[in-house]
Amino acid sequence: MNRIGTYLLALCLLAMPLQVGAQTLGDGDEIEVIEPRAETGGAQTLEDILRRQRGEDVDLDFRRRAIGSPDAGSDETAPLGTLGGASDPELWRAMRFGEAEISSQVRSPGATLLVQDSGMEWLLFREGPLRIYGGYFLLGVLGLLALFFLIRGRIRIEAGRSGITIERFKFIERFGHWLIAGSFIVLGLTGLLSLFGRRTLQLLADPDNPGRYESAREIYAASALWSKWIHDNVAWAFMLGIILVFVMWVAHNLPNRHDLVWLAKGGGLFSKHSHPPAKKFNAGQKIIFWAVIILGVSISVSGLSLLFPFQLPMFASTFHHLNNFSLPELFGYGALPETLTPHAEMQLAQTWHAIIAFVFIGIIFAHIYLGTIGMEGAYDAMGTGEVDLNWAKEHHNLWVEEVRAKEASQPGATPAE
């Protein structure tokens, strides 16, 4: 009976909730007792498990605090610590939350980070929302352009071709344009391959045929390896093109009062017999120009961060400045994290790089459409550098007047008629 009574007393003591607040020891000293989690004494609860299954956020502070102490076995002030230091679960939790003391002979900012908890969040976002919504966005842009073409048709030269041409762009200008265009197409294709290639090949392969399924994986592995090499090296040509185009055209793409008229009339794209006045670049082309410059710089900076891993962190400092201006609070969010692990910096750089790329590709789809099948005579500007005079008068009449005035000012020169 005494043994049974002892067991019952032990069960009663275990079932009693821990007291919250300060407890007094025998010598009069007080220790602070941390409030336990409900029903578990500080461990994971059933609600934690259910929230995780529902895909909701789970407060992991109870695990972050339970990482033990390496000195617990020898510290007289912590007699109830783990004998000999942190236990295996505590050690793994310390690794997970970046609190473990790890030494490495590898001289890299990320060498001592063995477990990075946010890596799975990044992977799920990349495989889920990024790929799904990004793909739908590009398909939606193509669908809208196809619908616009069916409704509006090709924008023709209303006066017909005159047979007289005027120089629109010099060779160096066309070189800068095609340097950006060519490199961007290569970068876009290789980037989309890295994001969609494996999944696409797996869908095309027969999972019930192990040989065919394995071949699809091998094809993707080889293509992904080469596409990464091409992507990393062609990126330098793209960045050079951004610099060239900015230097050559920034003066022509500053806003002026004619841009407001052009925007008010929709550039004449939605109605016939409407040609708003414009200089060398109209408001629509200026929007494209600044989009290419801003997005091009942004995607280049994040690309450089990926080309040189852990060497160019930029998000922690950016979040710091955003918090200083209270911008997150304006949109109903809390303060952004100002301390990030090296791997988290890389994951944010890759995510930002991909999001900007999707927006960039969508804009370039519209630009390619108007420069080819969408508008008669537009391709000649970058194809040969010479455009038909009637096309130039209809779309850039103020620029034509400037060219004529310049030619007339030169002795012996005959301006275009």
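Which residues touch the most other members of the largest nonpolar core? In this predicted model, they are Ile166, Phe238, Trp249, Phe360, Trp391 and Ala392. The legends below take that core and a few other spots one by one.

**Figure 1. The whole chain, before we zoom in.** You're looking at a protein chain with 15 helices and four strands. Of its 417 residues, 33% count as buried. Take the contacts with a separation of 6 or more: 69% of them are between residues 24 or more positions apart.

**Figure 2. Inside the largest nonpolar core.** There are 45 residues in here. The top contributor is α12, with seven residues.

**Figure 3. Trp391 and its neighbours.** Here's one of the core residues that touch the most other members, Trp391.

**Figure 4. Where α8 meets α9.** Helix α8 (residues 257-264) packs against helix α9 (residues 283-307) at an angle of about 105°, and their axes are 8 Å apart. An angle from 65 to 115 degrees counts as roughly perpendicular, so that's what we call this pair. On the α8 side, the residues in contact are Asp259, Trp262 and Leu263, while α9 brings Ala283, Gly284, Lys286 and Ile287. Sort the residues of this contact by type and you get four nonpolar, one polar and two charged.

**Figure 5. Leu254, in the loop between α7 and α8.** Is Leu254 buried, partly exposed or exposed? Its relative accessible area is 47%, so Leu254 is partly exposed. Leaving out residues up to four places away in sequence, Leu254 touches Asp259, Lys286 and Trp290. Leu254 and Lys286 are 32 residues apart in sequence, yet 7.7 Å apart in space, going from C-alpha to C-alpha.

**Figure 6. How confident is the predictor, and where?** The chain averages a pLDDT of 81, and 75% of the residues score at least 70. Among the elements, α9 has the highest mean pLDDT (96), and strand β1 (residues 21-24) has the lowest (40). Over residues 6-36, pLDDT stays under 50, and the model gives this stretch 18 contacts beyond four places in sequence. Residues 72-76 also have a pLDDT below 50, with six contacts in the model beyond near neighbours in sequence.

Note on methods:
Residues are numbered from 1 along each chain as its sequence is written. This is a predicted model: local features need pLDDT of at least 70, side-chain atom pairs count only at pLDDT 80 or more; totals for chains, interfaces and linings use all residues. Side-chain values use heavy atoms; hydrogens and water are left out. Axes are lines fitted to C-alpha atoms, for helices over the stretch in contact, and angles run from 0 to 180 degrees between N-to-C directions. Helices (H or I, at least four residues) and strands (E, at least two) are DSSP runs, numbered from the N terminus. Angles under 35 degrees count as roughly parallel, over 145 as roughly antiparallel, 65 to 115 as roughly perpendicular and the rest as oblique. Contact means heavy atoms within 4.5 Å. Ala, Val, Leu, Ile, Met, Phe, Trp, Tyr, Cys and Pro count as nonpolar, Asp, Glu, Lys and Arg as charged, and the others, Gly among them, as polar. pLDDT is the predictor's confidence in each residue, from 0 to 100. A nonpolar core is a set of buried Ala, Val, Leu, Ile, Met, Phe, Trp, Tyr and Cys residues joined through side-chain atoms within 4.5 Å. Buried means under 20% relative accessible area, exposed over 50%, partly exposed in between (1.4 Å probe, protein chains only).
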